[in-house]
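Please look through the sequence and the model below before reading on.

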Amino acid sequence: MIGNDWDEKLKVIWNSAGFNKFYQSIMDEYDKKTIFPSKDYIFNALKLTSYKDTRVVIVGQDPYHGEGEAMGLSFSVNKGIKIPPSLQNIYKELEMDLKIPPKNDGDLTNWAKNGVLLLNAVLTVEKDKAASHRNRGWEPLTDYIIKVLNEKKEPVVFILWGNFAKEKAKYITNPNHYIIMSPHPSPFSANTGFFGSKPFSKTNEFFKSKGLEPINWNLN
């Protein structure tokens, strides 16, 4: 499915009759409706950030549902697409926190290649219908991903923005790891505690305290 060590870690899911039945139903919808992201990008987060290389997890809800936006990475959009408001606020906080200036596109692939797993809890969506694939069958997979990351001996930082993401904290019980929680970067909540939360510097300070290399949060 993925082509790296996630296949071994997730084989209990890949071999599950229930998951395969659900997954086939999603594939069938691609033939009948407009579903995002494209089939090749459904598992993009796992393809770009292997289990071994995952050092940070940023949990999103479900893919963007507008034409050409979703690319299989939470909060990220394809080049050439207008940067969504939540991502604009993430860029603002990054600049305030680490003095890293925003770029003119919303592609976060560089983060993914530097150990940041950009994981949506739901991996597909019907065009123009937000949350249309929620509670269909993706959550057991993505919850399991968090559970197997919780088993890692190496420290992992879990960044949980908003109430939906905070629900995943119950799966993170390993004292080796670090959880950063704040309000969602959405314009509706960014001013209630997201701005000034310093998730990027807190992540790097945690790794430094463990004698580990900080994350490269550069966007390019």
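Predicted model: local features only at pLDDT ≥ 70, side-chain atom pairs only at ≥ 80, totals over all residues.

**Charged pairs and the core**

Lys 79 is exposed, with a relative accessible area of 56%. The side chain of Lys 79 forms a salt bridge with that of Asp 107, with 3.0 Å from N to O. This pair links distant parts of the chain, 28 residues apart: Lys 79 is in the loop between strand S2 (56-60) and helix H5 (85-98), and Asp 107 is in the loop between H5 and helix H6 (109-113). Is Asp 107 buried or exposed? Asp 107 counts as buried, because its relative accessibility is 10% and the limit for buried is under 20%. Lys 79, at 56%, counts as exposed, since exposed means over 50%.

Side chains of opposite charge can pair when their charged atoms come close. A search of the whole structure finds ten salt bridges. One of them joins the side chains of Lys 52 and Asp 53, at 2.9 Å from N to O. Lys 52 is exposed, with a relative accessible area of 60%, while Asp 53 is partly exposed, at 39%.

Another salt bridge is formed by the side chains of Glu 126 and Lys 129, at 3.4 Å from N to O. Glu 126 counts as buried, at 14% relative accessibility, and Lys 129 counts as partly exposed, at 44%. Which residues are linked with Glu 126 and Lys 129 in a network of salt bridges? The network also takes in Glu 29, Lys 33 and Arg 136.

The next topic is the backbone. A cis peptide bond joins Phe 36 and Pro 37, with omega at about -10°. Pro 37 lies in the loop between strand S1 (35-36) and helix H4 (44-48).

Lys 99 is not a glycine, yet it has a positive phi of about 60°. Lys 99 is found in the loop between H5 and H6. With a relative accessible area of 65%, Lys 99 is exposed. Lys 198 also is a residue other than glycine with a positive phi, near 55°. Its place is in the loop between strand S6 (178-182) and helix H9 (199-209). Lys 198 is partly exposed, with a relative accessible area of 41%.

In soluble globular proteins, nonpolar side chains tend to be buried together. The largest nonpolar core in this model has 64 residues. Which of them touch the most other members? They are Trp 6, Phe 43, Ile 58, Trp 111, Trp 138, Leu 141 and Trp 217. Leaving out residues up to four places away in sequence, Phe 43 touches Met 1, Ile 2, Trp 14, Tyr 23, Leu 123, Trp 138 and Leu 141.

Phe 206 is in helix H9. Phe 206 is buried, with a relative accessible area of 11%. When residues up to four places away in sequence are not counted, Phe 206 touches Pro 155, Val 157, Asn 176, His 177 and Tyr 178. The C-alpha atoms of Phe 206 and Trp 138 are separated by 31 Å, and the two residues are 68 residues apart along the chain.

The last topic is empty space. Rolling a probe the size of a water molecule over the atoms shows where empty space is left. How many cavities of 30 Å³ or more does the structure hold? It holds one. The largest cavity has a volume of about 50 Å³. Its lining consists of Ile 42, Ala 45, Pro 63, Gly 72, Leu 118, Leu 119, Asn 120, Val 122 and Leu 123. Strand S3 (residues 116-120) gives the most to this lining, with three residues. By type, the lining of the largest cavity divides into seven nonpolar residues, two polar and no charged.

The largest pocket contains about 430 Å³ of space. It is lined by 25 residues, and the closest to its centre are Asp 62, Pro 63, Tyr 64, Ser 86 and His 184. The lining of the largest pocket divides into twelve nonpolar, ten polar and three charged residues.

Conventions:
Residues numbered from 1 in each chain as written. Heavy atoms only, no water. 1 Å grid on protein atoms, 1.4 Å probe; cavity = no way out; pocket = protein on both sides within 12 Å on 5 of 7 lines; lining within 4 Å. Points joined across faces, edges and corners; volume = space filled by probe spheres on them. Nonpolar A, V, L, I, M, F, W, Y, C, P; charged D, E, K, R; others polar. Core = buried A, V, L, I, M, F, W, Y, C linked by side-chain atoms within 4.5 Å. Buried < 20%, exposed > 50% of the residue type's maximum accessible area, 1.4 Å probe, protein only. Contact = heavy atoms within 4.5 Å. Salt bridge = Lys/Arg side-chain N within 4 Å of Asp/Glu carboxyl O. Helix = DSSP H or I, 4+ residues; strand = E, 2+ residues; numbered from the N terminus.
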